[in-house]
Amino acid sequence: MNTTRRVFLLGSAAVVGGVAVGYHWRDRLPRPLRPLSLAPGETALSPYVIIDREGITLIAPRAEMGQGIHTTLAALVAEELDVTLEQVRVAHGQASEHYSNNALYGEPRIAGWAHSGPTQATGAQSSSRDAFIKMRKAGAAARAVLLEAAAARWGVPVGGLSTAAGVVRDGHGNSSTYVELAQEAAAFTPPADPPLKAPAEWRLLGTSLPRVDMVSKCTGTAQYGIDVMLPDMLFATVKRNPHLGGRMLAFDASRAQGMRGVRRIIPMDNGLIVIASNTWYAMQAIEAVDFDWAPASHPDSTQGHRARVEAAFDGEPYARPRDTGDVDGALASAEGDVLESAYRVPYLAHMTMEPLNATALLSDDRLDIWAGNQFPTLAVQVGAHLTGLREKAVNVHTPYLGGGFGRRFEMDDVQAAVIAARAVPGTPVRVTYKREEDISHDTYRPMASARLRAAVVDGKPNAIDVHLSVPSLFTSGNERRHLIAGDPSKGVAERDQSMAMGAKGARYRIANLRVTTYRPDKLLPVGWWRSVGESQNSFFVESFMDEIAQALGRDPLDMRLSMLEHAPSRQVLESVAEMSNWGSPLPPGHARGLAFAPSTGAPVAEVIEISVEQDVVRLHKAYAAVEVGVALDRRNIEGQVQGAMLFGLSAAIFGEVTIDGGRVSKANYHDYPLLRFAQAPKTLEVRVHESAERLYGVGEIGVPSAAPALANAIFAATGQRLRELPLSRHFRFV
């Protein structure tokens, strides 16, 4: 079992009496670290540095799902510890409060989400921001106790010592490696607030580092959840009521019970789990079961869902997160100079490349869960709730994730694995979803509608009134969380701020600006999707800004610049204009589109160049200028933004989940296509700016501007304003 390597590394500290050095900056958490992770008797703080006879292991406590975070987090520690990345191993930490993401709930999109304390989760572009100080402090604290140990060993002052590449020297011929000093260092107390290197002293941070996961991923040896293999393992799959929210009334499994390899058939409230000797047998058997499904409570068609979303506009507003100036007065005084538009976006699925899967093993007083997940501490809660064990008895192992995008915040795969493991105690069981089961039981990016009005005075908008109708993912997510984790006392603490993300925080100087949200009655389950509310609201707002510019006869870039005072925002717009040669002549049939959308505060501007011939669109060039505050790894940032732009373009062109007969009518990639290599822009350039204003996350920032930039390019080429996604409803993309 390859996943034991990390357990071995952690456990070996106990075996050889190694040292684990951790550091909490600002927040001390109440619970000691798990015995599995630390040697008996050691003081448990958040352990990011483990030294044993094999060398140094740095703990990266966030999920590595392709974004390169394990490299960046390890570099934060290694920088202050004075080691190279080649000298260390990097492992994902055990599920623990000590790896809590303190930046997660600082985000407006997350802030209203009820939670029961420190949370280890990966999302919301928060990993680097959470780690930037505290993981550097962890490295610096570890280096400090190693220096103390060397000084004591040689009887010299600490001030005369130096470190480099994992070795302490005194300048008089004495030297020791960190491995040699580790056990002695364990006797010293890490400093409370160790000083950090100035950026000018950085050797790793600010440079483009080789990815620590690159070799294993290129050679096929990287371990994803679906690669986990355990002795005597069984395999399972699930099938649940395709009418989401409906129960299973009855089933007839007589044909499946006698099929080859079938071991157990386990009913759940809304479906079945079939356990077999391999995954193929399980999937064949579950298709042989006859079900009687209860209907869903939501409308049975896409049109019915849209009608319910738009009916919410006629009800009481849910919230008014932005209300500046006198919007009604400005609109009334503008008389004939009022522009109005309505926009729509559909439900979207996540479509992670690695199929959903989770493995669980229940033995005596312990539960082990292996799952590529973005929320290990919630997986612990789910396991404890379903087995009756204490949370300390639940161990979550997080291998690499084959894509997340918010889907692996959910715990339905973990829930199914634990239920299966309960049925065969002492035997590990891996549950694997069919792609059809995943897409038909996803937690979707919400369907949403927008109505916008603008009063236009003196060549620019004097007032903008934005009305947004969108289901609350806070409400939907908390319902699921309470159901599977058994925590019904928790509810949404505040209004769902994600509904207005991308609209309420507009950087434009608009004297009168109002954003009002409306919450439709319960529809499909909705959840986190890459860039969350910004993904749809930026399409609404930036397309509308383009409409305003067109109505005024103004250049879209000039109008936006005339409305911006924030220097980093102006810089990314000017930068992307330079990159794309904005305003220069183009070949016949070609056109450019522009969008500017701060993402979690990070200013981002994008330009898409296309050509259109007989209703066939070809993407040629895409440019992005981004402001990241501090560029920890420029090459990785560029890769993140490029990937996010393609993700956003793919969703804008093709993404759409539809409902027919009360069921999701999409099945797989053939009817939910993604952007192909041949359809992607041949030029895809990213320019990174650093104002040092603050550190921004980068995992999502390329998404929000992609759809409006493309839609604005299509308008520039054809004169056709597209106000509803996906764009492939109107044009063919080649």
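A residue is called buried when its relative accessible area is under 20%, exposed when the area is over 50%, and partly exposed in between, using a 1.4 Å probe and protein chains only.

## Basis of the report

This is a predicted model, in which local features need pLDDT of at least 70 and side-chain atom pairs count only at pLDDT 80 or more, while totals for chains, interfaces and linings use all residues. Residues are numbered from 1 along each chain as its sequence is written, and side-chain values use heavy atoms, with hydrogens and water left out.

Asp 252 is partly exposed because its relative accessible area is 38%. The residue belongs to strand β9 (residues 248-252), where strands are DSSP runs of E with at least two residues, helices are runs of H or I with at least four, and both are numbered from the N terminus. Contact here means heavy atoms within 4.5 Å. Apart from neighbours within four places in sequence, Asp 252 is in contact with Ala 288, Val 289 and Asp 290. Its side chain also makes a polar contact of 2.8 Å with the side chain of Ser 254. Such a contact is a pair of N or O atoms within 3.5 Å; within protein, one must be able to donate a hydrogen and the other to accept it, and residues adjacent in sequence count only if both atoms are side-chain atoms.

Gln 120 counts as buried because its relative accessibility is 0%. It is located in the loop between α3 (108-111) and α4 (127-154). A polar atom of the Gln 120 side chain lies 3.0 Å from the backbone oxygen of Pro 61.

## Nonpolar cores

A nonpolar core is a set of buried Ala, Val, Leu, Ile, Met, Phe, Trp, Tyr and Cys residues joined through side-chain atoms within 4.5 Å. The largest one has 85 residues, and those with the most contacts inside it include Phe 540, Leu 710 and Phe 733. Leaving aside neighbours within four places in sequence, Phe 733 is in contact with several residues, among them Val 617, Ile 653, Gln 679 and Leu 710. A second, separate core of 68 residues includes Leu 367, Ala 384, Tyr 433 and Val 703.

## The second largest cavity

A cavity is a set of points, on a 1 Å grid over the protein atoms alone, where a 1.4 Å probe fits but cannot get out; lining residues have an atom within 4 Å of a point. The second largest cavity is lined by 16 residues, and Arg 445, Ser 535, Gly 648, Ala 651 and Ala 707 lie nearest its centre. Helices α15 (532-552), α18 (634-654) and α19 (706-718) each supply at least two lining residues, and α18 gives the largest share, three residues.

Technical notes
On a 1 Å grid over the protein atoms alone, a cavity is a set of points where a 1.4 Å probe fits but cannot get out, and a pocket is an open set with protein on both sides within 12 Å along at least five of seven lines; lining residues have an atom within 4 Å of a point.
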